Amino acid sequence: MAWQKKDPHVWGEVLIQPGQELDAEVPISESYCGRKVSFPVHIKRGPAPGPTVFVTAAVHGDELNGTAAIRSLIFDPDVQLRCGTLILVPVVNVLGFETHSRYLPDRRDLNRCFPGSANGSQASRLARVVFDEIVGRSDFGIDLHTAAIRRTNFPNVRGDLGNANVRQLAEAFGCDILVDEIGPEGSFRRSATDAGCPTIILEAGEVWKMEQPIVDVTRRGIKNVLQHLEMLGGVRQSRLQFNVVEKTQWIRADHAGFVEFHCELGSRVREGQNLATITTILGRNPVTLVAPMDSIVLGLTTLPVTTPGEPICHLGQVRFQPAMLRTAVIRLSDAA
Ligand SMILES: [Zn+2]
């Protein structure tokens, strides 16, 4: 694949000077009426040279918590870069965003189309633009997601933890759950990392919502990463311990009915512990789902009703027990 890095300070005809900020538009396509379609970008350049970091959201167009977090960073008085450059993209998949959809109008999942192609499908072309214009200007990346429709995720950071740079970003972010996962073929984080731009994702919350606790965790995590890279001053509010998940499993319903949970999002469960009980609409024939392993509840369905095969509870098996100890001296906080 041809790969050419771009100057993070030149957008169109505009050169961003040290210490300046810029709102820009990146053209991606055309509407049926022939109108230009673009996604908005905000770039902050610090007064001194340093790394360039991108933060993206709504690669899935219905995942809005990350969009809200990025919007808040644009005006955050604490985000005064000491060095480096920050590229903020609140909505990548603007075509899906316009219709409250995870997918593009061609029904493709953008997050399976990276690095994309200039001659490919609608999704593939958008992926290519994102790759060239955003990844092509960046040294590190953070991509923000939520659970898919009718599910919710406890905040967890995912990436190829076997990659030292990815691992450092993931640990710096400050969530207490890290999922060691390179990502599906064609996913943004996997393709960006493969191209030499170590990238993590955050999975947190639900679609179609702006959940303030999730937004707060996200904003804090992004600042933690920027502080880790010494682009921001201040004290990093990261954790001393992490739970590293190496295996995840969805527990699914075998019967239809109503779901009553016995566990909470983010809680630890032991092997054999009751997770949820399903009863018929008339409240009969209770069937209880149990945890097949010691694990953490990463995700839950948000629907109180279910049918056979539907996901109920997403479990993550933790690699290290007790949680791995960090050597760096950082302050504990519940904020991230
Ligand atoms: Zn997503």
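Biologist: Is H42 buried, partly exposed or exposed?
Modeller: H42 counts as partly exposed, because 19 C-beta neighbours lie inside 10 Å. Here 20 or more other C-beta atoms within 10 Å means buried, 12 or fewer exposed, and in between partly exposed, with C-beta atoms placed from the backbone. Bear in mind that this is a predicted model: local features need pLDDT of at least 70, side-chain atom pairs count only at pLDDT 80 or more, and totals for chains, interfaces and linings use all residues. Residues are numbered from 1 along each chain as its sequence is written.

Biologist: OK, and what is H42 in contact with, leaving aside neighbours within four places in sequence?
Modeller: E21, D23, I74 and L88. Contact means that the C-beta atoms, placed from the backbone, lie within 7 Å. H42 itself lies in strand β4, residues 36-45. Helices (H or I, at least four residues) and strands (E, at least two) are DSSP runs, numbered from the N terminus.

Biologist: New topic. How do helix α1 and helix α6 cross?
Modeller: The axes of α1 (residues 65-74) and α6 (residues 212-228) come within 9 Å and cross at roughly 55 degrees. That makes α1 oblique to α6, the word for angles that are not under 35 degrees (roughly parallel), over 145 (roughly antiparallel) or 65 to 115 (roughly perpendicular).

Biologist: Which residues make that contact?
Modeller: On α1 they are N65, G66, A68, A69, S72 and L73, and on α6 they are I214, V215, T218, R219 and I222.

Biologist: Where is A58, and is A58 buried or exposed?
Modeller: A58 sits in the loop between β5 (48-57) and α1. A58 is buried, with 27 other C-beta atoms within 10 Å.

Biologist: And N285, buried or exposed?
Modeller: N285 is exposed, with 10 other C-beta atoms within 10 Å. N285 lies in the loop between β14 (274-279) and β15 (287-290).

Notes. Axes are lines fitted to C-alpha atoms, for helices over the stretch in contact, and angles run from 0 to 180 degrees between N-to-C directions. Two residues are in contact if their C-beta atoms, placed from the backbone, lie within 7 Å.
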